[in-house]
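Work through the exercises below with the model open beside the text. Each task is followed by a solution in steps.

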There are 4 protein chains.
Amino acid sequence: MAPVGGKKAKRGILERLNSGEVVIGDGGFVFALEKRGYVKAGPWTPEAAVEHPEAGASIVGVNCHFDPTISLQTVKLMKEGLEAARLKAHLMSQPLAYHTPDCNKQGFIDLPEFPFGLEPRVTTRWDIQKYAREAYNLGVRYIGGCCGFEPYHIRAIAEELAPERGFLPPASEKHGSWGSGLDMHTKPWIRARARKEYWENLRIASGRPYNPSLSKPDAWGMTKGTSELMQQKEATTEQQLRELFEKQKFKSAQ
Amino acid sequence: MAPVGGKKAKRGILERLNSGEVVIGDGGFVFALEKRGYVKAGPWTPEAAVEHPEAGASIVGVNCHFDPTISLQTVKLMKEGLEAARLKAHLMSQPLAYHTPDCNKQGFIDLPEFPFGLEPRVTTRWDIQKYAREAYNLGVRYIGGCCGFEPYHIRAIAEELAPERGFLPPASEKHGSWGSGLDMHTKPWIRARARKEYWENLRIASGRPYNPSLSKPDAWGMTKGTSELMQQKEATTEQQLRELFEKQKFKSAQ
Amino acid sequence: MAPVGGKKAKRGILERLNSGEVVIGDGGFVFALEKRGYVKAGPWTPEAAVEHPEAGASIVGVNCHFDPTISLQTVKLMKEGLEAARLKAHLMSQPLAYHTPDCNKQGFIDLPEFPFGLEPRVTTRWDIQKYAREAYNLGVRYIGGCCGFEPYHIRAIAEELAPERGFLPPASEKHGSWGSGLDMHTKPWIRARARKEYWENLRIASGRPYNPSLSKPDAWGMTKGTSELMQQKEATTEQQLRELFEKQKFKSAQ
Amino acid sequence: MAPVGGKKAKRGILERLNSGEVVIGDGGFVFALEKRGYVKAGPWTPEAAVEHPEAGASIVGVNCHFDPTISLQTVKLMKEGLEAARLKAHLMSQPLAYHTPDCNKQGFIDLPEFPFGLEPRVTTRWDIQKYAREAYNLGVRYIGGCCGFEPYHIRAIAEELAPERGFLPPASEKHGSWGSGLDMHTKPWIRARARKEYWENLRIASGRPYNPSLSKPDAWGMTKGTSELMQQKEATTEQQLRELFEKQKFKSAQ
């Protein structure tokens, strides 16, 4: 998805970043569109790329596979690497909208919940405002999101950074920031939630007391190129399933 | 939202239920539309009603405020009440798409997460298939959803009840049921998720290890009509906030 | 275990309660002794009774099977019942030292963790101080504990009620109340834990992120007298196990 | 505590390890004794050392501060280090009996629950059997426990390694291994728990649905020698507390 921005949109991404602009990216289409029925879930490839080829190595960053926290930790390492090598580049981050503290090296693809049970991991708008602020403080200027982002998550980035960007996004007409639209609710204790402090400090519950908070991901240690990772032309057979369960049994016994 | 159904839609709801049809309702517009930026969150009223006035007391059921589990327990009590009174009526249920085991009498309105931190409580499509099956087994024939339902949740009802209704919903063209679209994924362990047993038995994690699984709801014990529940014309003042916090302090010390 | 109390111990329990004394009981021997290797775990009967037969119906209360919270809710109902019937009796409570919010009617016996996986449910001394205070405020004057109570839990009751009883228990010589013994620790942030407010407000973590917070208990709905609940003379056979699993499967599918 | 072992106890620890014996150590006295009222909690030093000075660098390992999982990961690194350096030494591990996946570099001392709210983190006997097996498989022959270990935890090590050691510990007379003492319980579903498979696969619940599963430890990054870590001669003053909270506020805002 192309960055929003009226006339500015005609400028190249590097031009925009060089001029000091904060660019907001949105790559979160796959999961959102699947839920709305626009795309077919199957052998999908939730990969996003900076769309402007002129960017080259002038922008470094991460997208997809990990949550905002892990992604920013990674960008921080990249930044330190760049500084150590006396290189200069714009920083970018487009994390998942899912909390993934339990991901191993391969990311959310290997979580048992992928891709149809990720609901309880979805970040709130407040999680995203916190992420946007931390990204900005780290020096990231291309700040966006990948799988799982919905429009209100992108709006949250734009609202958090409104002081720096100088304007609120058009979508902010639809609500007041930090829940301020609640200040005329009939119940006094809900009116009292129309405050930044309320949402910022709330530890929200999962409502799932029979479920754990973390999962152990499948960890086959295989990456691109391994012979076992070829896309099949036909559905998995019963025989292939049996072989797989046998391997899983062996692995989990280790 | 009016029930889908082509020519059948012209028939009244009672006519449809009397003929043995399973009617799927969708009242989940408020929360979904807010996130997509179509409606303004404020002094909203997430109330849904069966739209056809001719229905009268011929349909009994519940909608909104509670999760599928609690809602069906309630409908079960209603059914037993009807049988005890030798009355006959169609049963309806339109629960939230949020898990609310910790709700007290007033429902999710009083959860600390309401309305902008409910993400981790969102049901999966598999939760909804289970709900649809249990509702059907209980004798409910108007089966739908309220706040929090997204199109893929409604599709899950229709897919679960496809054998009874005799057809799959049009939206099923976009994916295979029970994750079957994954059966050609490049990774063998993800191909192995293209099975009903996998999703049915998975205990999904919240990915939020610093958060609890349940919340203690505000429980003011006030209902409609109480003087304190008047809608305000102006925003809450600092003085009103102070009075409220004082009361909360008193209550939580009890 | 007989209530402690020097010379006072020679007086009957009713005499002591009638004189306004707060009596502290300890029935928590079974689980503690099993862990210390003094008793053999098997077909045990963790039942406690008020040891003084002269008590008769002059004392009503509950012991064992449920946690402090549920037990006090029960005693509150008993108290209301007594008042409604214009009866007078001393109140007693001796709950488990295990948190059991997920118990059904038969109590912790039916939790999947019973009896060798109850560790994470053990109450802290702060939980017990809170329980002792709430019991006292409710009017309970025979305040004790059952399975799972260790000496430091009983001490916590005595310390919480020291103002009312007029003295600290002898065991308090071994430590300072509310963690005050920490106030000379080498680390400043641990010194800062030598305060009531710290321990009272801490939400302690389980350290078990792959485990749920609640369990679904076995719920066979059988109570004393049912033919299936006869004590066996011999170990369970493979055939009996198979029959049992078959029944469980049937029940969990309901 | 000196290793148990009758006549063998007269032999030095190196002699015993060199002869291929599995030595079981127990350093878990501090926490257990505090709860039983034998020791005073204050500026304690839960440090354990291999008691036999002749051991020298012939035994390497870890004790205290971390849970069995983290401790064994550390011993594994030590083992790899030894092998890389072509050195030979006996391996030792004496972890906490508390689950501490959320510990940072300084260990459980810095967890908010230290030292009076660690209850829900206590390992079960099954956790310890698993740990003993993994330690043995890694090549560790001095296998014990530190803070939090109770006698039944030490017994669990001895029972798990009974095949290798050739005998059961005396304490095993008090119960049957893997819950076998339950096989004549009156309730059939509890009889069915007299099996290794049951306890090995059970995901035990915390019974604390309002609490999180992990904590964020204090992380002051100070270690021995820092001027701020001097033991105080007097209790913390109000002024010192204020300064501390100010620093914590600053740190948590980072």
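Predicted model: local features only at pLDDT ≥ 70, side-chain atom pairs only at ≥ 80, totals over all residues.

**Exercise 1. Describe the open sheet of chain D and identify its edge strands.**

Step 1. The sheet is built from four strands of chain D, in the order β1-β4-β3-β2, with parallel pairing.
Step 2. β1 (23–26) and β2 (59–63) of chain D each have a single partner strand, so one side of each is left without a neighbour in the sheet and they stand at the edges.
Step 3. From one strand to the next, the twist averages 15 degrees.
Step 4. Between β2(D) and β3 (residues 90–94) of chain D, which run parallel, there are five bridges. D:Asn63 has D:Gln94 in β3(D) as its bridge partner.
Step 5. Helix α4 (residues 125–138) of chain D lies across β3 and β4 (142–145) of chain D, and runs at about 155 degrees to β4(D).

**Exercise 2. Describe the sheet of chain C in the order of its strands, and state how β1(C) pairs with β4.**

Step 1. In chain C, an open sheet of four strands has the order β1-β4-β3-β2, and the pairing is parallel.
Step 2. β1 (23–26) and β2 (59–63) of chain C are the edge strands, each pairing on one side only.
Step 3. With direction ignored, neighbouring strands of this sheet are turned by 15 degrees against each other on average.
Step 4. Four bridges connect β1(C) with β4 (residues 142–145) of chain C, in the parallel sense. Within β4(C), C:Gly144 is the residue opposite C:Gly25.
Step 5. α4(C) lies across β3 and β4 of chain C and makes an angle of about 155 degrees with β4(C).

**Exercise 3. Find which residues touch the most other members of the largest nonpolar core, and list the contacts of D:Trp199.**

Step 1. The core has 24 residues; those touching the most other members are C:Phe31, C:Tyr98, C:Phe108, C:Phe114, C:Cys147 and D:Trp199.
Step 2. The elements giving two or more residues to this core are α7 (188–191) and α8 (196–201) of chain D.
Step 3. Leaving aside neighbours within four places in sequence, the contacts of D:Trp199 in chain C are C:Pro112, C:Glu113, C:Phe114, C:Pro115, C:Phe116 and C:Gly117. In chain D, D:Trp199 is in contact with D:Trp126, D:Trp178, D:Gly179, D:Leu182 and D:Arg193.

**Exercise 4. Classify two aromatic pairs, B:Tyr198 with B:Trp199 and C:Phe116 with D:Trp126.**

Step 1. The whole structure has 28 aromatic pairs over all chains.
Step 2. For B:Tyr198 and B:Trp199, the ring centres are 4.9 Å apart and the planes stand at 85 degrees, so the pair is edge-to-face. Both B:Tyr198 and B:Trp199 are buried.
Step 3. For C:Phe116 and D:Trp126, the centres are 6.1 Å apart and the planes are at 75 degrees, so this pair is also edge-to-face. The pair crosses between chains: C:Phe116 is in the loop between β3 (90–94) and α4 (125–138) of chain C, and D:Trp126 is in helix α4 of chain D. C:Phe116 and D:Trp126 are both buried.
Step 4. A cluster linked by ring pairs contains A:Phe116, B:Trp126, B:Trp178, B:Tyr198 and B:Trp199.

**Exercise 5. Locate the arginines over the rings of A:Tyr136 and B:Trp126.**

Step 1. Over the face of A:Tyr136 lies A:Arg141, at 3.8 Å from the ring centre.
Step 2. Over the ring of B:Trp126 sits the charged end of B:Arg125, 6.0 Å from its centre.

**Exercise 6. How many residues of helix α5 of chain A are buried?**

Step 1. Helix α5 (residues 151–160) of chain A has ten residues, of which nine are buried.
Step 2. Among them are A:Tyr152, A:His153, A:Arg155 and A:Glu160.

Definitions and conventions: Residues numbered from 1 in each chain as written. Chains lettered and ligands numbered in written order. Heavy atoms only, no water. Core = buried A, V, L, I, M, F, W, Y, C linked by side-chain atoms within 4.5 Å. Buried < 20%, exposed > 50% of the residue type's maximum accessible area, 1.4 Å probe, protein only. Contact = heavy atoms within 4.5 Å. Pairing = 2+ DSSP bridges. Axes fitted to C-alpha atoms, helices over the stretch in contact; angles between N-to-C directions. Phe/Tyr/Trp six-rings, centres within 6.5 Å; stacked < 30°, edge-to-face > 60°. Lys NZ or Arg CZ within 6 Å of the ring centre and 35° of its normal.
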